[in-house]
Amino acid sequence: MAQKNMDISVGMRYNRESERGMNRMSRKETRTIRIGDRVIGGGNPILIQSMCNTKTEDAAATTAQILRLEAAGCDIIRVAVPTMEAAAAIQEIKKRIHIPLVADIHFDYKLAIAAMECGADKIRINPGNIGSREKVEAVVDKAREMEIPIRVGVNSGSLEKTLIEKYGGVTAEGLVESALDKVHMIEKMGYGNLVISIKSSDVMMCVKAHELIAKKTDYPLHVGITEAGTVASGNIKSAVGLGIMLHEGIGDTIRVSLTGDPLEEVKSAKLILKTLGLRQGGIEVVSCPTCGRTRIDLIGLANQVENMAAEFDHLNIKVAVMGCAVNGPGEAREADLGVAGGDGEGLLFKKGQIIRKMPEGELLGALREELERMSGNAQTRYMGSCRHG
Ligand code: SF4
């Protein structure tokens with residue numbers, strides 16, 4: 001079924017972007033799929049995924065990493081299941097985490113069945129490497145019995161030779177055909193509780209493949225740029241690729257793939273969604289690029305402010321960190337709060353108005369005090385409006 005566009009207001013409350021009408025984005029209409037206690041598709045908020053890089057067999061280490069990712073805003077977590085021991089560890093891990101868990105399976109259908117029996121909320125398979133139709137059917141039967149969704153994933157690195165020959169290489173068209181072939185195979189087995197993912201490290205090929213498949217199916221799409229690289233280059237590739245797709249209304253759940261700490265994936269995914277007005281909340285830190293007028297350690301201060309801002313995720317404000325008093329407050333007039341550097345000192349300002357001057361070393365603490373005050377006010381306002389006290 002071809003997808004239709006629908007205008008969806010994202011989020012329960014409006015933020016600055018929504019006030020300017022920026023987050024009313026036309027999103028592709030997809031069917032709703034439940035993953036544990038979360039829902040994707042059907043215009044629901046786009047959920048953030050990441051993948052553990054611990055050994056799944058080590059339930060303690062994997063649980064600890066998932067709890068860290070949960071705290072950072074991860075909505076759904078995926079773990080690799082290369083062994084029966086890893087499948088069994090899911091049972092332990094699930095007891096202590098609070099977000100749905102996806103089991104990532106390659107080659108062995110018995111691992112997929114074991115992962116579901118041990119509590120996986122979703123499985124990710126590439127039916128092409130699971131083997132015979134009977135083996136895929138055994139996985140589908142178990143998923144149907146347990147009402148567990150299957151993410152059908154295809155990857156440019158494992159595109160079938162027949163499709164490479166048909167399209168003269170690895171192409172977006174070939175990736176789409178490969179994904180739809182697998183989806184149709186599972187549909188013929190009588191199962192439609194599916195999510196589709198198409199991954200390519202070629203950003204524009206990946207974008208084209210998603211544009212093509214979004215016109216041909218209404219299954220929710222898990223979008224991301226695979227093998228995007230290290231934190232620096234991967235963030236840029238992911239922001240460009242995901243930015244285009246999400247802006248076109250494509251994507252129901254996202255993963256930023258980085259060679260690094262999965263925590264960085266979650267932070268980047270959140271920022272991409274916030275930048276597009278698809279998620280709200282949290283402090284937006286703006287900082288100047290520094291120039292010959294800068295007389296304080298602005299780079300260090302901006303990084304410290306950004307780290308501190310993560311503690312105040314419940315505030316929905318903009319904080320500016322500017323290098324000089326000449327342009328700082330003026331350039332950051334729209335900021336709710338900010339600092340502007342001088343020569344070994346700095347100004348604290350609110351909404352462009354200077355509040356007080358202080359030595360450079362006190363700027364971070366002063367910002368924290370203000371954030372805590374705003375945080376307290378926000379809490380009081382919330383309590384005042386909450387009928388349950
Ligand atoms: S705010 Fe001041 S220090 Fe920062 S780039 Fe602008 S002029 Fe330079």
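The model is a predicted one, in which local features need pLDDT of at least 70, side-chain atom pairs count only at pLDDT 80 or more, and totals for chains, interfaces and linings use all residues. Residues are numbered from 1 along each chain as its sequence is written. Helices (H or I, at least four residues) and strands (E, at least two) are DSSP runs, numbered from the N terminus.

**The barrel**

- Eight strands form a closed barrel in the order β5-β6-β7-β8-β9-β10-β11-β12, with parallel pairing; two strands pair if DSSP finds at least two bridges between them.
- From one strand to the next, the twist averages 25°. Axes here are lines fitted to C-alpha atoms, for helices over the stretch in contact, and angles run from 0 to 180 degrees between N-to-C directions.
- Helix α10 (residues 262-275) packs on the sheet, where it touches β5 (47-51) and β12 (253-255), and its direction makes about 160° with that of β5. Two residues are in contact if their C-beta atoms, placed from the backbone, lie within 7 Å.
- The parallel strands β7 and β8 are joined by three bridges. Val 102 has Lys 122 of β8 as its bridge partner, and Ala 103 has Ile 123.
- In a regular strand the side chains alternate between the two faces of the sheet. From β8, Lys 122 and Arg 124 point one way and Ile 123 and Ile 125 the other way, and all are buried. A residue is buried if 20 or more other C-beta atoms lie within 10 Å of its own, exposed if 12 or fewer, and partly exposed in between, with C-beta atoms placed from the backbone.

**Helix α4 and the cores**

- Seven of the nine residues of helix α4 (residues 109-117) are buried: Tyr 109, Leu 111, Ala 112, Ile 113, Ala 114, Ala 115 and Met 116.
- The cover over these buried residues includes α3 (84-96), β7 (101-104), β8 (122-125) and α5 (133-146).
- Just after α4, Gly 119 takes a positive phi of about 115°.
- The largest nonpolar core has 81 residues, and Ala 112 and Ala 115 are among those with the most contacts inside it, as are Ile 77, Ala 120, Ile 123, Ala 179 and Ile 196. A nonpolar core is a set of buried Ala, Val, Leu, Ile, Met, Phe, Trp, Tyr and Cys residues joined through C-beta atoms within 7 Å.
- Neighbours within four places in sequence aside, Ala 112 is in contact with Ile 105, Ile 123, Ile 125 and Val 139.
- A second, separate core of 23 residues includes Leu 298, Leu 301, Val 319 and Ala 335.

**The open sheet**

- Five strands make an open sheet in the order β13-β14-β15-β16-β17, with mixed pairing.
- β13 (284-287) and β17 (353-359) stand at the edges with a single partner strand each, so one side of each lacks a neighbour in the sheet.
- Neighbouring strands of this sheet are turned by 20° against each other on average, direction ignored.
- Six bridges join β16 (residues 345-350) to β17, and the two run antiparallel. Glu 345 stands opposite Pro 359 in β17.
- Helix α11 (residues 298-309) packs on the sheet, touching β13, β14 (318-322) and β15 (337-341), and its direction makes about 165° with that of β14.

**Ligand shell and Glu 331**

- The ligand is surrounded by 13 residues, the closest being Cys 288, Cys 291, Gly 323, Cys 324 and Asn 327; a residue is near a molecule if its C-beta atom, placed from the backbone, lies within 6 Å of it.
- Glu 331 lies in helix α12 (residues 328-331) and touches Cys 288 and Met 322, not counting residues up to four places away in sequence.
- Glu 331 and Cys 288 are 43 residues apart in sequence and 8.9 Å apart in space, C-alpha to C-alpha.
- Glu 331 is partly exposed because 18 other C-beta atoms lie within 10 Å.

**Two loop residues with positive phi**

- Most residues other than glycine have a negative phi.
- Phe 107, in the loop between β7 and α4, has a positive phi near 75°. With 14 other C-beta atoms within 10 Å, Phe 107 is partly exposed.
- Glu 147, in the loop between α5 and β9 (150-155), has a positive phi of about 55°. Glu 147 counts as exposed because it has 8 C-beta neighbours inside 10 Å.
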